[in-house]
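Good morning, and thank you for coming.

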Amino acid sequence: MHRDDFNILKSGIIYFDNGATTLKPKLLGEAISDYYDNYSSNAHRGDYALSIKASQKYEETRCLVKDLINAKKCKEIAFTSGTTDSINKIVFGYFANVLREGDEVLLTMSEHASNLLPWFELADKLKLKIKYIELDENHEVLLENVERAITDKTKVISIAHISNVVGDVRPIKEINKLAHEKGILVLVDGAQSVPHLKIDVQELDIDFLTFSAHKMCGPTGVGVLYGKEELLNDIKPIIFGGGMNADFNHDGDKIYKTMPDRLEAGTPNVAGVIGFGYIIKYLMDIGFDNIHRYELELKDYLVKRLKEIKEVTIYNGHSKSGIVTINYDGIFPQDLSIYLDKYNICTRAGNHCAKILKEEIHIKNTCRISLYFYNNKAEIDKLIDVLKNPNIMEEII
Ligand SMILES: Cc1ncc(COP(=O)(O)O)c(C=O)c1O
């Protein structure tokens, strides 16, 4: 779908590393060049036409994000530099102020480092207890296991909507319902879901949601922190400087602005945020239902074809996302990735920043093929041909 929008695909590259970051359509470069060439100026800081235009376009993106995830208000959206930044701001700006010694934080073993390390740090500081929701035999999260892990000390569940290794789609609506009935807040890491599915924060009743623009055709260095208004009213900034303060004096008295400015200290990534606005419109025009349906069709095809190769182990064949994690007998995953690169096929080898998952699945590294809407069956066929190459072992050595 829409392959002509991506100049880079003309080089013949087969890009299967969309879980790490996606390709960018030419309209992103055009929108960003337009800003730099025609109205380059700071946002929220000038009273002249250029700056007013930059500020308007920046704020337009904020409201486009609101539409994208069906938030109630534009001010429930703060721009950050990415999911990692957003999670840190929520953990240290909100939870650091409401959690107490002995409180329990529920995570899973398949979370990305960005959704583990901030919690480990906070746990050390406040003496919190980190607990893990048990994964089932397919390494997936079942609601009943969430329920089993909850105790009267559980105060927060922090969980990816879609795991970046296993690709399972977690039952977020049900998890939220269960958690809210017990007064527990839920942070949803949407890095791997917002780019691929229609997300409605009101329908799913999400407290906090985080995601990155670069994983959905947008620029690097732009992320989103969504929170329900009543929660964001209590979030404290963890970065201080210009743009986020209303006033201060030499005695150190200070007044900080309200949301979202309070969380956007310093000059933001104006070009990136404006470019992201164009990307949101682009993706909404394609339609998230179409993107998701098409990706699942491609994924099924990929799994079916991979099954033709007896040396290939598929770890997550039935998950409902475009992430497929494999190994090839006798080949170290990184060597496999380097081999595929010789044929212009980009995949990701390693532990995918989910380092503790290996304790759960007893496999240290894998090779990940992650799809997006511009991939097609011909690319999958090429991958299969290359994996079926009778000389694969010789070429790797
Ligand atoms: C599930 C998940 N969470 C968080 C992140 C971190 O995103 P970023 O590097 O854009 O901050 C990633 C990136 O791969 C991810 O897959």
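Let us begin with one pair of residues in this predicted model: F79 stands opposite V224, a residue of strand β8. The two strands concerned, β2 and β8, run antiparallel and are joined by four bridges. Strand β8 covers residues 223–227.

Now widen the view. These strands belong to an open sheet of seven, with mixed pairing, in the order β2-β8-β7-β6-β5-β3-β4. Which strands stand at the edges? They are β2, residues 77–80, and β4, residues 129–133; each has a single partner strand, so one side of each is left without a neighbour in the sheet. Direction ignored, neighbouring strands are turned against each other by 20 degrees on average.

Helix α3, residues 83–98, packs on this sheet. Helix α3 touches β2, β5, β6, β7 and β8, and its direction makes about 155 degrees with that of β7.

The largest nonpolar core has 94 residues, and I157, L209, F211, F276, L283, L336 and F373 touch the most other members. Which helix gives the most to this core? It is α9, residues 270–286, with ten residues. The core draws at least three residues from each of domain 1 and domain 2.

Consider L209 in particular. Leaving aside residues up to four places away in sequence, its contacts include I69, V188, V194, V224 and Y226.

Finally, another core lies apart from the largest one. This other core has 25 residues, among them V105, L128, F208 and I235. Thank you for your attention.

Methods. Residues are numbered from 1 along each chain as its sequence is written. This is a predicted model: local features need pLDDT of at least 70, side-chain atom pairs count only at pLDDT 80 or more; totals for chains, interfaces and linings use all residues. Side-chain values use heavy atoms; hydrogens and water are left out. Two strands pair if DSSP finds at least two bridges between them. Axes are lines fitted to C-alpha atoms, for helices over the stretch in contact, and angles run from 0 to 180 degrees between N-to-C directions. Contact means heavy atoms within 4.5 Å. A nonpolar core is a set of buried Ala, Val, Leu, Ile, Met, Phe, Trp, Tyr and Cys residues joined through side-chain atoms within 4.5 Å. Buried means under 20% relative accessible area, exposed over 50%, partly exposed in between (1.4 Å probe, protein chains only). Domain bounds come from an automatic or database domain assignment.
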